[in-house]
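Biologist: I would like to learn how to read this kind of structure feature by feature. Could you take me through the one on our screen?

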Amino acid sequence: METERLIIRNFTPEDGQDLYEYLSQEETVRYEPYGVFSEEEAAEEAKKRSNNPDFRAVCLKDGGKLIGNIYLSKREFDEWELGYVFNFNFCGKGYATEAAKAVADDVFKNQNAHRVTAMCNPLNYRSRKLLERLGLRREGHLKQNVWFKTDKDGKPVWQDTFVYGILVSEWKQRKFYI
């Protein structure tokens with residue numbers, strides 16, 4: 001899939017180094033259910049993602065550099081869950097919005113999606129704003145529903161989650177619907 005500035009493609013086992021570049025950034029993985037990756041872990045993750053069609057590599061058209069990933073997974077009732085992680089060095093340039101818009105548009109048009117959902121930590125301001133730019137509506141605020149890390153005593157550090165969603169009928173009304 002291509003957009004104005006991006007190529008969105010399947011991962012390959014050779015994507016390990018670029019994957020490491022952003023999954024080793026504390027700022028990039030701060031709200032993810034995992035910590036920073038080592039080079040070896042990123043190489044293994046690239047192999048896993050190359051066999052998982054839910055993960056898509058997002059690359060710059062100019063030069064082909066892998067700068068992030070989109071996650072799009074089919075759920076029950078024609079619902080698809082959207083997620084994304086981008087290299088912090090490329091944030092603020094609209095790449096995540098451009099990629100998320102393209103894959104959501106594609107799933108509504110070509111996969112008969114009824115709705116697209118996404119979740120994010122309420123503290124993740126950039127992610128919340130991206131979802132709102134796309135027209136997703138905040139549908140819920142789950143209080144202390146997940147934990148990914150523990151404190152110094154081994155106790156869970158609970159986090160909240162915002163749940164977002166948009167219906168195909170709402171998506172079609174967006175001015176960027178192609």
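Biologist: How many helices and strands does the secondary structure of the protein chain come to?

Modeller: The chain has six helices and seven strands. Helices (H or I, at least four residues) and strands (E, at least two) are DSSP runs, numbered from the N terminus. Read from the N terminus, the order is β-α-α-α-β-β-β-α-β-α-β-β-α. Before we go on, please note that this is a predicted model, where local features need pLDDT of at least 70 and side-chain atom pairs count only at pLDDT 80 or more, while totals for chains, interfaces and linings use all residues. Residues are numbered from 1 along each chain as its sequence is written, and side-chain values use heavy atoms, with hydrogens and water left out.

Biologist: What share of the residues of the protein chain count as buried?

Modeller: Buried means under 20% relative accessible area, exposed over 50%, and partly exposed in between (1.4 Å probe, protein chains only). Of the 178 residues, 45% count as buried. For contacts, the cut-off is heavy atoms within 4.5 Å. Among contacts between residues at least 6 apart in sequence, 61% join residues at least 24 apart.

Biologist: Now a single helix. Which residues of helix α5 are buried?

Modeller: The general idea comes first. An α-helix has 3.6 residues a turn, so residues three or four places apart point the same way. In helix α5 (residues 125–133), the buried residues are Ser 127, Arg 128, Leu 130 and Leu 131. Because they cover an arc of only 160° around the axis, these residues are on the same side of α5. That arc is the one made by the directions from the helix axis to the C-beta atoms.

Biologist: What covers the buried residues of α5?

Modeller: Their cover includes β4 (79–86), α4 (95–110), β5 (115–120) and β7 (156–167).

Biologist: Strand β4 is on that list. Is Val 85 buried or exposed?

Modeller: Val 85 is found in strand β4 and counts as buried, at 7% relative accessibility. Leaving out residues up to four places away in sequence, Val 85 touches Tyr 22, Leu 23, Thr 28, Glu 32, Tyr 34, Gly 68 and Asn 69. Tyr 22 is 63 residues from Val 85 in sequence, yet their C-alpha atoms are 8.5 Å apart in space.

Biologist: How should I read phi, and what value does Phe 77 have?

Modeller: Most residues other than glycine have a negative phi, and most peptide bonds are trans. Phe 77 has a positive phi, near 60°. Phe 77 is in the loop between β3 (66–74) and β4, and is exposed, with a relative accessible area of 71%. Asn 112 also has a positive phi near 60°; this residue is in the loop between α4 and β5 and is exposed at 58%.

Biologist: Which residues is Arg 75 in contact with, leaving aside its neighbours within four places in sequence?

Modeller: Those are Trp 80 and Glu 81. Arg 75 lies in the loop between β3 and β4 and is partly exposed, with a relative accessible area of 32%.

Biologist: And where is Lys 65?

Modeller: Lys 65 is in the loop between β2 (55–60) and β3, and counts as partly exposed at 24% relative accessibility. Apart from residues up to four places away in sequence, Lys 65 touches Asp 18, Glu 21, Val 58, Cys 59, Leu 60 and Phe 90.
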